[in-house]
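Hello,

Here is the structure I promised to pass on. Have a look at it first, then read my notes below.

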Amino acid sequence: EELSIGDYVLSGGELAAAVVVDATARLLPGALNDAESAAQDSFEGEGGLLDCPHYTRPVEHAFGAVPPVLLSGNHAAIARWRRQQSLGRTWLRRPDLIDRGALSKADRALLEAFLAEQAAGGEPPTDGG
């Protein structure tokens, strides 16, 4: 059996073996603190998309600010924002993972809004809409 961990060449098999061990061992019961953690990872969630960005404190940082929607307490808007970011990141980084024809109408609208904002040179909308 042949496995690929990416499009690059390593000097030996040790690092590749470590990647495979880590990627599979973390799926064993009890390997993670929270069993739901693995279900929320990239490729595991709804539709096998890349994960959305994650933020922590402080709210303002040299790398940028936490999007206001994440501080809003509006769980529906936060869920929409996360889904939009997941769709957009996947489209930008791994478009092969998205079958646009299979996306729901709501997902297509989120992705189109994300792409329109990217084309305008701005940040994707953070209000979930």
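Threonine 90 sits in helix 4. Please keep in mind that this is a predicted model. Is threonine 90 buried or exposed? Its relative accessible area is 0%. The cut-off for buried is under 20%, so threonine 90 counts as buried.

Which residues does threonine 90 touch, leaving aside those up to four places away in sequence? They are Leu49, Leu50, Pro95, Leu97 and Ile98. Take leucine 50 from that list. Along the chain, leucine 50 and threonine 90 are 40 residues apart.

**Helix 4 against helix 5**

Next, look at how two helices meet. Helix 4 covers residues 75-93, and helix 5 covers residues 105-119. Their axes come within 9 Å. They cross at roughly 65°. Angles from 65 to 115 degrees count as roughly perpendicular, so helix 4 is roughly perpendicular to helix 5. The crossing is right-handed.

Which residues make this contact? Helix 4 brings Arg80, Arg83, Gln84, Gln85, Leu87, Gly88, Arg89, Trp91 and Leu92. Helix 5 brings Asp107, Leu110, Leu111, Ala113, Phe114, Leu115 and Gln118. Sorted by class, the contact has eight nonpolar, four polar and four charged residues.

Alanine 113 and glutamine 84 are 29 residues apart in sequence. From C-alpha to C-alpha, they are 8.4 Å apart in space.

**A cis peptide bond**

Most peptide bonds are trans. Where is there a cis one? A cis peptide bond joins arginine 57 and proline 58. Omega there is about 0°. Proline 58 is in the loop between helix 2 (36-39) and strand 1 (60-61).

**The whole chain**

Now step back. The protein chain has five helices and two strands. From the N terminus on, the order is α-α-β-β-α-α-α. The chain has 129 residues, and 22% of them count as buried. Its accessible surface is about 9100 Å². Carbon and sulfur atoms account for 54% of that surface.

One more number concerns contacts between residues at least 6 apart in sequence. Of these, 46% join residues at least 24 apart.

Best wishes

Notes:
Residues numbered from 1 in each chain as written. Predicted model: local features only at pLDDT ≥ 70, side-chain atom pairs only at ≥ 80, totals over all residues. Heavy atoms only, no water. Axes fitted to C-alpha atoms, helices over the stretch in contact; angles between N-to-C directions. Helix = DSSP H or I, 4+ residues; strand = E, 2+ residues; numbered from the N terminus. Parallel < 35°, antiparallel > 145°, perpendicular 65-115°, else oblique. Left-handed = near helix turned anticlockwise from the far one by under 90°. Contact = heavy atoms within 4.5 Å. Nonpolar A, V, L, I, M, F, W, Y, C, P; charged D, E, K, R; others polar. Buried < 20%, exposed > 50% of the residue type's maximum accessible area, 1.4 Å probe, protein only. Areas by Shrake-Rupley, 256 points an atom, 1.4 Å probe, with all protein chains shown as cover.
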